[in-house]
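Here is a short walk through one structure. Keep the sequence and the 3D view side by side while reading.

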Amino acid sequence: MARSPNEGSWASSPGRRRNMQANRSQDTQPELAVRRRLHGEGLRYRIAVAPVPGLRRRADIVFTRARIAVFIDGCFWHGCPAHGRQSFKRNVDYWRTKIAMNVARDRETNSRLKSEGWTVLRYWEHEDADLVARDIVRIVRQAQLRPTKGPRSSLTRGLGMYPQPDRDLESD
Ligand SMILES: [Zn+2]
């Protein structure tokens with residue numbers, strides 16, 4: 001019998017396992033931990049949506065206006081070099097093939113999003129939530145500084161010649 005993929009990676013304690021089973025797959029604990037921090041920093045985002053209409057791939061955290069798609073990849077499913085392989089002891093070929101397909105799919109998702117002008121950020125679920133959140137905050141804030149309508153509008157604003165439009169305080 002194949003074990004539940006999430007058990008093998010980080011959800012090793014019974015409490016955590018129970019917790020995972022109670023949650024939808026996108027609401028993993030590592031992801032929630034990152035989201036809490038982003039929210040605490042005042043960032044607003046969408047959860048588990050397809051960044052690009054028609055592209056049937058969901059990102060875990062989506063900053064629509066900044067065009068940033070964040071994926072918190074499960075170590076097992078996405079073939080984390082540190083934890084992915086220890087997880088399967090049985091059905092090795094089955095899992096290896098499945099994970100290889102996931103990895104290929106991730107790459108394809110990356111390139112399709114990038115071709116649509118998106119920034120793709122991928123993290124492993126084992127990574128420190130503080131560091132991950134800090135990284136995301138930095139990149140989102142940088143993106144928010146970019147002018148949205150070409151370089152001229154930012155120049156105009158920078159010169160202070162025109163009254164500034166009310167700034168939308170919500171980031172996304
Ligand atoms: Zn890992």
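Two residues are in contact if their C-beta atoms, placed from the backbone, lie within 7 Å. The model discussed here is predicted.

Start with helix α5, residues 129-145. At 1.5 Å a residue, its 17 residues should span 24 Å. The end C-alpha atoms are 24 Å apart, which agrees. Ala129, Val132, Ala133, Ile136 and Val140 are buried in α5. Viewed down the axis of α5, these buried residues fall within an arc of 95°, so they line one face of the helix. The cover over them includes α3 (29-40), β2 (59-63), β3 (68-73) and β4 (119-124). The other side of α5 carries exposed residues: Asp130, Leu131, Arg138, Gln142 and Leu145.

Leu131 and Val34 are 97 residues apart in sequence, but their C-alpha atoms are 9.0 Å apart in space.

The twelve residues of α3 should span 16 Å at 1.5 Å a residue. The distance between its end C-alpha atoms is 16 Å, which agrees.

Asp27 lies in the loop between α2 (14-22) and α3. With 15 other C-beta atoms within 10 Å, Asp27 is partly exposed. Asp27 and Asp60 are 33 residues apart in sequence and 8.7 Å apart in space, C-alpha to C-alpha. Just after α3, Gly42 takes a positive phi of about 90°.

What lies at the centre of the contacts in the largest nonpolar core? Of its 29 residues, Ile68, Ala69 and Val70 touch the most other members. At least two residues of this core come from each of α3, β2, β3, α4 (92-115), β4 and α5. Take Ala69. Leaving aside neighbours within four places in sequence, Ala69 is in contact with Pro51, Ala59, Val62, Leu113, Trp118 and Val120. In soluble globular proteins, nonpolar side chains tend to be buried together.

Key: Residues numbered from 1 in each chain as written. Predicted model: local features only at pLDDT ≥ 70, side-chain atom pairs only at ≥ 80, totals over all residues. Helix = DSSP H or I, 4+ residues; strand = E, 2+ residues; numbered from the N terminus. Expected span 1.5 Å × (residues − 1). Buried ≥ 20, exposed ≤ 12 C-beta atoms within 10 Å, placed from the backbone. Arc of directions from axis to C-beta. Core = buried A, V, L, I, M, F, W, Y, C linked by C-beta atoms within 7 Å.
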